[in-house]
Amino acid sequence: ARVSRSTRVASPDRGGDAMPPKKKRGLPPGALHHVERKYFKVLFCGEEFPAGAEETRKALEKHDAVGNCEFRFVACAREQVATEIVNADVAVPLMTKIDETLLAKAPILKLVLQFGVGLEGVDEEACTKRGILLARIPSEKTGNADSTAEMAVFLLLAGLRRVNQLAKSLTDRRLGEPITVQLKGKTVTIVGWGHIGKEVARRLCAFGCKLQAVRKSEWPKEEWDFLLYDEGVRPLDELKWIKNSDAVVLCCNQTKENMGMINDDFIGHMKPGAVLVNIARGGLFNREHVLRALDDGRLGYLASDVAWQEPVDPTDPLVAHERAYFTPHVGGVTDMSYQTMGAIVAKACASLQADPWMGETCVVGISPELRYMVDEIMIVNANLPAFPGVTGPCVDFEQCRKRCRC
C-alpha cells in the first residue's frame, strides 16, 4: 500500500489505504468491552512533512491488528480533514488546527498524537471534554532534539557568516567579501532550556563561545550551580540580560502568553546588530516589529526555520529581506528522527487498537497495552494508572467506571 498524495475522500467501505493482509491475532483475555470493526483508521491531517507519513505507514505494516480488523492509513490535504476525520480512530494533526468544530465531526476518534512536540494548534480542552487522548512525542526520545539542535547551529553560522551576501558575492564574482562574524569568543543566549536548548548548548561549547540561558520558570539552585561551574553556561534570571548577546537562539515552547514576544521591546533589549535564530515556533514573531528592526539595523540578521504562517510566502518582505534567511521547517526532518517517530506513532496506534477496554471514546482504564504505549509518548490531558489495579484520574470518571470497573 502507498500513502496517497492526492486530495481525496475515503469511501465508507474502504476508509483509506489498507495495510497488506496478515494473520490476525486473537483478542486478549478479558476483552469484554472491545468493539469489533473492520478497520482501524490512522489519519495524517495534511500533506506537509510527507516523509513522516511514509515512515509511519511503513512502520504500521509491521503490526498485526487484533481481532477481525485491519489498519488503514490515510494522508490527506488540510481541506479534506473534516471529511476524513469522521471515521478516524487516530489523528496526527501536523500543521492542521484541531478545534471543537472539527472534533465534533469525529465520533470515534480516540487519540490525537502529534508527529513531534508542537500541540499549540490543538484544543486540549475540547479533546479532554470528549474523552480523546492528546499526546506528543518528547524530542529526547526520537533524535528530534539532536536534529533540531544541529539546525540551530547551522542557522547561527548562516546568520553570522551572512549567507545571503556570500551567495551574492559568488554570483557577482567578487572574492574576499563580505567580511563576516566569527563565533569564537562571542556571547550566545539560548531562550528556553528544554531538551533542544540543552542540546544546542552542548554543540556550541565546541566553538569557544560564551553561553547564557534563560527560561520562564525559576532556576533551581543546584541546576544554577551545575550549569555555571560544570557546563560553562551562565543561567539568566531575566530576559533583559540579553543586551550583552551577539546572538540569541529561540528554543522555547510557544504558548498563549508568549505569542508575538519577539517585538520592539524584546529587540530593544538585544545588542544592536545581533543575530536572532528561531528554531521554535513562528508565532513567537511579531512580524511587523521584526521587519522594522531589520530595516533600521537594530537587528543584524534573522535566521529562522519557522514562520508566522506556514508555508510562508517567499515574496513576503521579511522572508525576502537581504538580511533574513529562512528554511522550510526542517529542523527535525532527518532520517533518524523520522524513522524513530514513525515507529512510535505506529506502535501507539497498534497498542490502542489492541486495547481490550477500548470503547466509543478513549477513556483510559488499566490496559497493559496502553501503559506500554505511554512509555514513548507523553499524554498531556490524562493521568494514566501506572500498574494494574491502581487507578488514577480519568478523563471521564463515570464512563471509565462503567467500562473498566475502576
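A nonpolar core is here a set of buried Ala, Val, Leu, Ile, Met, Phe, Trp, Tyr and Cys residues joined through side-chain atoms within 4.5 Å. The model under discussion is predicted.

## Nonpolar cores

The largest nonpolar core comprises 32 residues, of which L156, V188, W193, V200, L204, V277 and I279 touch the most other members. At least two residues of this core come from each of the helices α5 (144-160) and α7 (195-204) and from each of the strands β7 (187-191), β8 (210-214), β10 (247-250), β11 (274-278) and β12 (299-304). The greatest contribution is that of α5, which gives nine residues. A further core, of 31 residues, lies apart from this one and includes A53, F71, F115 and V345.

When neighbours within four places in sequence are left aside, V188 is in contact with L156, L183, L204, C209, K210, L211, Q212, A247 and V249.

## Aromatic pairs

The structure contains eight aromatic pairs. A pair of aromatic rings is described by the distance of the centres and the angle of the planes. For W308 and F326, the centres are 5.9 Å apart and the planes stand at 90 degrees, an edge-to-face arrangement. W308 belongs to the loop between β12 and β13 (324-326), whereas F326 belongs to strand β13; the pair therefore ties together parts that are 18 residues apart in sequence.

The two partners fall into separate accessibility classes. W308 has a relative accessibility of 25% and therefore counts as partly exposed, a class that lies between the limits of 20% and 50%. F326, with a relative accessible area of 16%, is buried, because the buried class covers values under 20%.

Elsewhere, ring pairs link F44, F73, F115 and Y338 into a cluster. Among these residues, F115 is also a member of the core of 31 residues.

## A charge over a ring

An aromatic ring also takes part in a contact with a charged group. The charged end of R215 sits over the ring of W219, at 4.5 Å from the ring centre.

## The loop residue E140

E140 is located in the loop between β6 (133-136) and α5. With a relative accessibility of 40%, E140 counts as partly exposed. E140 and H195 are separated by 55 residues in sequence, yet their C-alpha atoms are 6.2 Å apart in space.

Key: Residues numbered from 1 in each chain as written. Predicted model: local features only at pLDDT ≥ 70, side-chain atom pairs only at ≥ 80, totals over all residues. Heavy atoms only, no water. Buried < 20%, exposed > 50% of the residue type's maximum accessible area, 1.4 Å probe, protein only. Helix = DSSP H or I, 4+ residues; strand = E, 2+ residues; numbered from the N terminus. Contact = heavy atoms within 4.5 Å. Phe/Tyr/Trp six-rings, centres within 6.5 Å; stacked < 30°, edge-to-face > 60°. Lys NZ or Arg CZ within 6 Å of the ring centre and 35° of its normal.
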